Each structure stands twice: as structure tokens, then as C-alpha cells.
Amino acid sequence: MAEREMGEEHLEGYTEILTGACATGRRLTRDEIDALRRRGERAAEDGIGLRALVRAHLSAAQDLQPELSRSAAGHLLATVAQAVDAFAEGHERAQRLAVRQEEAARREFIDDLLYGRSDLGRLAERAERFGLLLSHAHAVAVAQGRQPYGDGSAVTRGIESSLVTRFGHRRILLTTKDGRLICVAPADEPDVLAFFAKQAYAATDGGQVAIGRSHTGPGGVVHSYEEALNALDLAMRMDLNDPVLHAADLLVYPVLTRDRQAMADLVVSVLGPLRQARGGAQPLIDTLTAYFDTGCVAAEAARRLRLSVRATTYRLDRIHRLTGSDPSDPVHRYTLQTAVIGARLLGWPDQEL
């Protein structure tokens, strides 16, 4: 935004203050300093930059100098220095207040955007101020690092700088929420979120990024954000270690748990007998997880479990005897694998179902 020109109202009374102080060589009074501070505040509120403000006041002082006596002119520089310090302080104070107000408005907008707490029509209007067109489709990526992301932190600033350098201001919103870093981008620019995910992972030397599906309209951002959060929660419960998670790839899990009671009944019915094993059910569930995750290859499962192949096949045989379901049998495998997924989602056996 272009800087506004100085007006006469911003210099009103200035030369009189200088003349009065220089006449006796006194310092500016408290009232004069307060008046200059207020002038600096008004200039900032009117969109006048500090450099333009200083130039105008120095020019006014220069024009005044020939009209002063030699004695008074000798005090002019010191008086101008006081005056500049006063209105610069007022200008900076107004600027800080404006920044805080802008930050508060931005934070309020982000909270409303991510939680859908505002009228959608009004929300769409406010979004344009921050570069978003909510009538279009958007997708949301959420990064979760080993340490919380903070507003203004070096990591957050670095990622934001990388995004701006690569894409410019393409209707991208970057913010933090609850210690996570969030990026909202148009759905027709998927490379933005892919780049964001790469930068967030590299900046924290780990962590995970979840990307929600794209959705249209003001409520679409909320929907995508919730999908990304659910993906991160699912990754924690299911021990999914991929650095980037796509909600679209994980849709099977919420489908499986949509009827929680039915899933709980399946888990207890199929895996309940494993509680009878020495050491409880958890080691055998871990064995089934590794076995299914490796495509039912016992040798690879043994490597992941840090067991011998013989010990792993013994556990699989033990599972068969206790449950009556053979993990190597395609007919039994689907039931066992679904029950294992359900157990991990529901926190069984640590939590009673």
C-alpha cells in the first residue's frame, strides 16, 4: 500500500513548539512531548510512514532556522532531536497497536474458520481480507512436530518464507493452532501442500503431516481440517509412521469404527481367547500386526519383531489354537486382520470394551 502524503494538520503547532524551546534553550515540556507523541500516532493511523514523517519535520525545522536568532538556532538541533524522538515513539506505539489488533483479528478469523463458529456468509467475506476465496475448494494440511509449533518461531517463519519464495502469495494461509502448523491452500494447487509437508518434515527433523481431502465452500475448510486431525490421531493409535498421511487413503478406518459396538463385539469375540496366553494378548496381537503388515511373510514379520522365525511361527500357531482361526488361511485372515485393526483403534486389550 502506497504511503500517504503529509498534510498541514500533521505539522500544526510544530514550529511554535520549536521556537518556544529554542528561545530559552529549554527542553521540551511534558505537554509538548505528549502533543508530539499524539501527532505521531495520528500520522501512523493515517497511513503516513515514519520516514516521511521525519523528513517533513526536519524540512520544517530547516525552514525555521533562518528566522531564529543565532543563540536560538544553536539549540535547534537538540530540540529537533527531542521532537523526533517523541513523535517517532507515538508512531511506533500506534504501529504496534495496529499489529496487535491485526493479529487478534487474524486469530479470531482462524478460530472461526477452523471450528465453523461464525456465520458462513460473514466468514467468507472476512476470508477475502486474508487472501482466501471460500467459494472455491480448499484442502488443509496439519503438521505435528516433536516440539510444538509457535507463532513467530524460527521454524514457523522459515517454512512461511519457503512457501512465499516458491509460490508467492497464492491465496495460501499459514497459521498455528494448538501447537500444530496448519496450511490452507486452494484445491487446484496440490503442489502447495506437498511442498509444505516436505518443508515441515525437514524443519523439525521428523514429525508427521496429514492432508485432508479438498472440499468446497466456507464449511469445506473445517471438514478438511478435521480430516487431517483425525488422520494424525489415527496414525498415533495405529502406529502409522509415514511422514505424510493422506486422509483419502485412510477412509477404511473410520468406516470400520462407524459402528463401534459391532467392532467391539468382533474384537472380543475373535481375539478375546488370546488373553489366556502367557504374557497376555498384546504380544500375540503385535505378532499378527507384523504378520499382516508384511504381507503374511513369517520371516519378514520375525525380523520386525526381532524374533526368530521359529518363535514367530510358534506364536502364529498358538493364535490358531486359541482362536480357532488360522492366520495363513485366506478365509480366516480377513476376520483376524479386521479384528486386529479394531483392537488397535479401540485400544484393546489395555481398555475394556
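Biologist: Which residues in H8 meet those of H7?
Modeller: This is a predicted model: local features need pLDDT of at least 70, side-chain atom pairs count only at pLDDT 80 or more, and totals for chains, interfaces and linings use all residues. Residues are numbered from 1 along each chain as its sequence is written, and side-chain values use heavy atoms, leaving out hydrogens and water. Contact means heavy atoms within 4.5 Å. From H7, Val-155, Ile-159, Ser-162, Leu-163, Arg-166 and Phe-167 meet, in H8, Asp-191, Val-192, Phe-195, Phe-196, Gln-199, Ala-200 and Ala-203.

Biologist: At what angle do the axes of H7 and H8 cross?
Modeller: Helices are DSSP runs (H or I, at least four residues), numbered from the N terminus. Axes are lines fitted to C-alpha atoms over the stretch in contact, with angles from 0 to 180 degrees between N-to-C directions. H7 (residues 154-167) and H8 (residues 190-203) have axes that come within 10 Å, crossing at roughly 145°.

Biologist: Is Cys-22 buried or exposed?
Modeller: Buried means under 20% relative accessible area, exposed over 50%, partly exposed in between (1.4 Å probe, protein chains only). Cys-22 has 0% relative accessibility, so Cys-22 counts as buried.

Biologist: How many disulfides does a search of the whole structure find?
Modeller: A disulfide is a pair of cysteine sulfur atoms within 2.5 Å. The search of the whole structure gives zero.

Biologist: Which residues touch the most other members of the largest nonpolar core?
Modeller: A nonpolar core is a set of buried Ala, Val, Leu, Ile, Met, Phe, Trp, Tyr and Cys residues joined through side-chain atoms within 4.5 Å. The largest has 28 residues, and those touching the most other members are Phe-109, Leu-113 and Leu-132.

Note on methods
Helices (H or I, at least four residues) and strands (E, at least two) are DSSP runs, numbered from the N terminus.
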